Amino acid sequence: MKRILSGIMLLSLSVTAALSACAPKMISEAKAEEAGIALINHAFGVNETEAKVKLRSAARPDGPQSNTNGNSNQTVDRYYSVTVPDGTYDGFLYDAEVNAQTGTAYFAEMNKGLFPSLTPEQKDLIDRLGAEHGLKSSNIDRELLENAGFVATEWITQTFQPKQRITEVINESIFSDNGQEPLTDINDAIVLEDGTIYYVTVIWPMMQIQRVFIFNQGVQ
């Protein structure tokens, strides 16, 4: 999985991690599986019941800059990876991450292999744009970004926050995955009035949701 997080995302994640550091006791694998599957099912409208759970660690820098020796102070965050396998050695259908201390599920994604095949219209669009290896900078215009933002905000409103007003939609990044040509990831940060931030990936040309990070859950 390829992640690109902006400064605002990293800052938000650091604040969440700092707050959770006050409670070192970890939840059980069973609780993590329950929380991860619940987010997967809710986000993607599926009905999964079992997953593989593994405790993982991720180091994050305590500050933005390293010292003169090239080292930096780091804090290790612990989380559970909750994976619905597809029957192969390392493949997956759905994946989620759960904070090992708070039990909050904050990330979910679906395998791009679950997407429907490209339609003839989508294939024609790819050919016309010369986007066999993903979108080029010359292909990206305001209409495309607004369309992706609309898809993301509609999904957030319908799936997670029907009563919260969206205050800002920020296009964060666009990139192509060489293993999934010509599919292109369009990443938007959706900021809600209550302070929650959804970092959503829309896949072009299907314009379908593939993953979501949720930051600042329950900040108010």
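**Exercise 1.** Determine whether Phe215 is buried or exposed.

*Solution.* Phe215 has 3% relative accessibility and therefore counts as buried, where buried means under 20% relative accessible area and exposed over 50%, with partly exposed in between (1.4 Å probe, protein chains only). Phe213, at 4% relative accessibility, counts as buried.

The model is predicted: local features need pLDDT of at least 70, side-chain atom pairs count only at pLDDT 80 or more, and totals for chains, interfaces and linings use all residues. Residues are numbered from 1 along each chain as its sequence is written, and side-chain values use heavy atoms, leaving out hydrogens and water.

**Exercise 2.** Classify the ring pair of Phe213 and Phe215.

*Solution.* Rings of Phe, Tyr and Trp (its six-membered ring) pair if their centres lie within 6.5 Å; planes under 30 degrees apart count as stacked, over 60 as edge-to-face and the rest as tilted. The structure holds six aromatic pairs. For Phe213 and Phe215, the ring centres are 5.9 Å apart and the planes stand at 15 degrees, so this pair is stacked.

**Exercise 3.** State which residues have the most contacts inside the largest nonpolar core.

*Solution.* A nonpolar core is a set of buried Ala, Val, Leu, Ile, Met, Phe, Trp, Tyr and Cys residues joined through side-chain atoms within 4.5 Å. The largest one has 45 residues, and Val98, Trp155, Ile156, Phe160, Tyr198, Val200 and Trp204 have the most contacts inside it. A second, separate core of nine residues includes Tyr79, Phe107, Val191 and Tyr199.
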